[in-house]
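Student: Let's go through this model together. I want to know what stands behind each label you use.

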Amino acid sequence: MATTIRLARHGGKKHPVYRIVVADARAPRDGRRIDQVGFYDPHHSPPVVRFDAEKLRSWLGRGARPTQIVAQLIRRAGVLQSERTE
């Protein structure tokens with residue numbers, strides 16, 4: 001099963017809040033998810049991005065592929081930078 005790490009839209013009308021989830025690549029955007037690994041709220045200044053680093057590392061290690069936007073959020077948050085410096 002091909003898994004992706006992507007955004008799932010929640011929140012109210014014109015005020016989206018996103019959960020960063022691991023889902024089957026064939027599942028719809030807001031459909032069934034396997035696990036939640038983070039949270040993203042773009043309406044704060046600066047935007048709020050939180051990750052569960054352990055879960056994220058675990059899913060990346062299992063072969064889950066982040067979408068382009070999620071990859072940007074991971075880089076901006078600096079969640080995986082500690083592994084690169086070792």
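Predicted model: local features only at pLDDT ≥ 70, side-chain atom pairs only at ≥ 80, totals over all residues.

Student: What makes a positive phi worth a remark in Lys 14?

Tutor: Lys 14 is a residue other than glycine. Most residues other than glycine have a negative phi, and most peptide bonds are trans. As for its place, Lys 14 is in the loop between β1 and β2.

Student: And why is Lys 14 called exposed?

Tutor: Buried means under 20% relative accessible area, exposed means over 50%, and partly exposed is in between (1.4 Å probe, protein chains only). Lys 14 has 72% relative accessibility, so it counts as exposed.

Student: Which label does Gly 11 get, then?

Tutor: Gly 11, in strand β1, has 55% relative accessibility and so is exposed too. Gly 78 gets another label: its 27% makes it partly exposed. Gly 78 sits in the loop between α2 (68-77) and α3 (81-85).

Student: What makes you describe strand β2 as largely enclosed?

Tutor: Seven of the ten residues of β2 (residues 15-24) are buried, so the rest of the structure largely encloses that strand. In the chain as a whole, buried residues make up 34% of the 86.

Student: How do you know what counts as a helix or a strand here?

Tutor: Both are DSSP runs, numbered from the N terminus: helices are H or I with at least four residues, strands are E with at least two. That gives three helices and five strands, in the order β-β-β-β-α-β-α-α from the N terminus on.

Student: And why is the chain called as compact as a globular protein of that length?

Tutor: The radius of gyration is taken over C-alpha atoms, and the globule rule is 2.2 Å times the number of residues to the power 0.38. For 86 residues the rule gives 12 Å and the chain has 13 Å, which is close, so the chain is as compact as a globular protein of that length.

Student: How do you know that β1 and β2 pair?

Tutor: Two strands pair if DSSP finds at least two bridges between them. Strand β1 (residues 3-12) and β2 have ten bridges, in the antiparallel sense.

Student: What about β2 and β3?

Tutor: β2 and β3 (residues 35-41) have five bridges, again antiparallel. One of the links is from Ile 20 to its bridge partner in β3, Gly 38.

Student: What makes the pairing in the sheet mixed?

Tutor: β1 and β5 pair in the parallel sense, over two bridges, while β1 and β2 are antiparallel. Two bridges meet the cut-off of at least two, so β1 and β5 do count as a pair. Thr 4 has Arg 65 in β5 as its bridge partner. The whole sheet is open, with five strands in the order β4-β3-β2-β1-β5.

Student: Why are β4 and β5 called edge strands?

Tutor: Each pairs on one side only: that goes for β4 (48-51) and β5 (65-66).

Student: How do you know that the bond from Ser 45 to Pro 46 is cis?

Tutor: Its omega is near -5°. Pro 46 is in the loop between β3 and β4.

Student: Last one: how many positive and negative side chains does the chain have?

Tutor: There are 17 positive and 8 negative side chains. Lys and Arg count as positive, Asp and Glu as negative, and His and the chain ends are not counted. With each charge placed at NZ of Lys, CZ of Arg, CG of Asp or CD of Glu, the centres of the two sets are 9 Å apart.

Technical notes:
Residues numbered from 1 in each chain as written. Heavy atoms only, no water.
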